[in-house]
Amino acid sequence: MIYPGYIRRSPLISIDSSIAFEPAAAKAYRVLEHLIVTLELAPASFVTEGALIERLALGRTPVREAIQRLAWEGLLDVRPRAGIAIAPLHPGDWLRVLDARRGVEVVLARSAARFVTREAADMFHEAALAMQKAVISGNVLAFIQADKALDEALALAADNPFAARLAAPLQTHSRRFWFRYKADTGLAESAEHHVALIRSILDGDEEAAAKDAKRLIALLRGHAEVAATRR
């Protein structure tokens, strides 16, 4: 077991089990974000609003709201009369994303260790189980979903919506870079660093959580530095 002492013995609950109950705009955002992160919407490509509405089958208004939110986060660029451009991927930008992300991740980790609730702890457990299963099966897409769920647990546990709103788009950009440049070899190593962070948070150890958050960003930065040489 990758997570000794921190895994409940109940059956695995899918991290996607609540998606059916999401508002349409939230579901549209989640699906579009996933398509961008996993490069199904290719970097620097163009798509039309109509094509996205047809693909998601969620209606014009929720899809438009999702597009606007993703544009604000820098993942889409809405160009009148030209369509919607998917953000390009420049390897060097991963370093910039991580430099911006480092400080806020430490804030979230410290706060999560201080304020973690039973609900947030359950989310951490479920995300960890999903991550474990993804590592064992080598399922990169499942790992990406588990990582997203873990970030959502961190946001809830930290009880700091200002930091969480700042971190969320940076986490998404980072996930997209990781999927492009490290997904083929980085599952187990990334999982172990996430596990260390989860343990410290559930132990209520603020100092350890901060250190583990820094170590996780350092790991990702090492990957980003290698990616930046592949110009």
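T185 lies in the loop that joins α7 and α8, where helices (H or I, at least four residues) and strands (E, at least two) are DSSP runs numbered from the N terminus. T185 is exposed, at a relative accessible area of 53%; buried stands for under 20% relative accessible area, exposed for over 50%, and partly exposed for values in between (1.4 Å probe, protein chains only). The model is predicted, so local features need pLDDT of at least 70 and side-chain atom pairs count only at pLDDT 80 or more, while totals for chains, interfaces and linings use all residues. Residues are numbered from 1 along each chain as its sequence is written, and side-chain values use heavy atoms, with hydrogens and water left out.

The protein chain holds nine helices and three strands. In order from the N terminus, its elements are α-β-α-α-β-β-α-α-α-α-α-α. The radius of gyration of the protein chain is 17 Å, close to the 17 Å that the globule rule gives for 231 residues, so the chain is as compact as a globular protein of that length. This radius is taken over C-alpha atoms, and the rule is 2.2 Å times the number of residues to the power 0.38. The C-alpha trace spans about 55 × 45 × 35 Å along its principal axes. Of the 231 residues, 48% count as buried. Among contacts (heavy atoms within 4.5 Å) with a separation of 6 or more, 79% are between residues 24 or more positions apart.

In soluble globular proteins, nonpolar side chains tend to be buried together. A nonpolar core is here a set of buried Ala, Val, Leu, Ile, Met, Phe, Trp, Tyr and Cys residues joined through side-chain atoms within 4.5 Å. The largest such core has 50 residues, of which W94, F124, F143, W178 and I201 touch the most other members. At least two residues of this core come from each of α4 (91-115), α5 (118-137), α6 (140-158), α7 (161-181), α8 (187-202) and α9 (206-228). The most are given by α4, with ten residues. Apart from this core lies another, of 18 residues, including L52, L56, V63 and I84. Beyond its neighbours within four places in sequence, I201 is in contact with A109, A112, A113, V116, F124, L154 and A209.

L156 is placed in helix α6 and is partly exposed, at 36% relative accessibility. Leaving aside neighbours within four places in sequence, L156 is in contact with E119, A120 and M123. L156 and W178 are 22 residues apart in sequence, and their C-alpha atoms are 23 Å apart in space.

The loop between α1 (24-37) and β1 (46-47) contains T38. T38 counts as buried, with 7% relative accessibility, and its contacts outside four places in sequence are with L141 and F179. L39 is found in the loop between α1 and β1, and its phi is near 65°, a positive value in a residue other than glycine. L39 is partly exposed, with a relative accessible area of 23%. A44 is also placed in the loop between α1 and β1; its phi, near 70°, is positive in a residue other than glycine. A44 is partly exposed, with a relative accessible area of 49%.
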